[in-house]
Amino acid sequence: MPFPNVADKHRGDAVITPEKSVEYRDDQSDAGPPAVPEAVVLCYSRGLMEYLTDARDGREVDSYYGDLYVFDEFDGRVGVMGNFGIGAPTAAMMVEELAADGVEAFLSVGFAGCLQDDVEMGEFIVCDRAIRDEGTSHHYAESAKFARPTEPLFDRITRTLADRDEPYRVGPSWTTDAIYRETVREVESYASEGVLTVEMEASAVFTVAAHRGVDAAAMFVVSDYLGTAEWEPKFHLTEDDMRRLGDAAAEILADRTE
């Protein structure tokens with residue numbers, strides 16, 4: 001049986017569209033369409049979301065399944081969306097609805113497991129391509145191994161991190177839905193290919209953004225190491241690194257919107 005089950009379904013017209021969804025939402029609200037920023041950080045860490053909203057003045061936009069917070073310091077041009085869950089399906093839904101409301105760029109940030117033991121804790125990972133081992137992206141585009149970030153936003157990330165003297169690596173990530181089915185065989189195979197990380201959203205974010213005609217990129221903080229013999233969780237050591245990642249992401253998007 002092929003996947004998706006209906007061949008070439010990515011070419012078909014959708015019955016439910018984000019435009020129809022947000023139109024229905026706005027019809028049910030006295031406030032009308034929300035005032036959204038030009039660019040949004042997609043945040044999967046509750047701790048990072050709490051830090052960004054506590055540390056920076058702004059306003060909440062109450063129109064979404066998650067929490068959208070718009071930063072005052074960037075004149076409302078940049079915001080962060082968080083507390084909507086993790087994984088490709090929810091990330092895709094957020095990109096769809098925010099893009100329908102006018103958001104033009106997305107920077108997906110979060111934890112990632114590391115497949116290479118020479119990557120140091122505290123180094124940022126900038127994803128240059130993501131393996132499409134999740135289900136969502138294949139409903140949006142013809143199946144292929146990789147999805148890629150948009151080049152202008154990717155280039156801005158690397159320039160900004162270099163200007164900030166932030167240590168970072170550039171490389172591929174493995175995006176999968178099945179966190180508890182990352183098998184030894186897969187880890188060995190992807191590690192031998194030079195894949196740096198594993199996470200749950202990047203390939204879907206890239207693919208849906210391309211479908212919508214908006215910019216997208218992804219950065220990660222290493223939270224754990226996946227060896228073939230053992231798993232080394234380091235989540236408890238990442239709080240400061242994650243905060244640096246969030247601050248850098250907000251500034252990268254602010255630079256983009258100037």
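Modeller: Let's take some labels one at a time, keeping in mind that this is a predicted model.

Colleague: Okay, why is D163 called exposed?

Modeller: D163 has 66% relative accessibility, and exposed means over 50%, so D163 gets that label. You'll find D163 in helix α4, which covers residues 151-163.

Colleague: And what makes D163, D165, D255 and E258 a patch of negative charge?

Modeller: Asp and Glu count as negative, and like charges are joined within 9 Å. D163, D165, D255 and E258 gather that way on the surface.

Colleague: Why does G32 count as buried?

Modeller: The cut-off for buried is under 20%. G32 comes in at 18% relative accessibility, so buried it is. G32 sits in the loop between α1 (18-27) and β1 (39-43).

Colleague: How do you know that E97 has no salt bridge?

Modeller: A salt bridge needs a side-chain nitrogen of Lys or Arg within 4 Å of a carboxyl oxygen of Asp or Glu. For E97, the nearest side chain of opposite charge is R25, 5.5 Å away, so there is no salt bridge. E97 belongs to helix α3 (residues 88-101), and among its contacts are P18 and Y64.

Colleague: Last one: is W231 buried or exposed?

Modeller: Exposed: W231 has 53% relative accessibility, and the label needs over 50%. W231 lies in strand β11 (residues 231-233). Together with F111 and F235, W231 makes a nonpolar surface patch of about 320 Å².

How values were computed: Residues are numbered from 1 along each chain as its sequence is written. This is a predicted model: local features need pLDDT of at least 70, side-chain atom pairs count only at pLDDT 80 or more; totals for chains, interfaces and linings use all residues. Side-chain values use heavy atoms; hydrogens and water are left out. Patches are made of residues with over 30% relative accessible area and no salt bridge: like charges are joined within 9 Å, nonpolar side chains (Val, Leu, Ile, Met, Phe, Trp, Tyr) within 5 Å. Accessible areas come from the Shrake-Rupley method with a 1.4 Å probe; for residues, only the protein chains shown count as cover. The place of a charge is taken as NZ of Lys, CZ of Arg, CG of Asp or CD of Glu. Helices (H or I, at least four residues) and strands (E, at least two) are DSSP runs, numbered from the N terminus. Buried means under 20% relative accessible area, exposed over 50%, partly exposed in between (1.4 Å probe, protein chains only). Contact means heavy atoms within 4.5 Å. Lists of a residue's contacts leave out its neighbours within four places in sequence.
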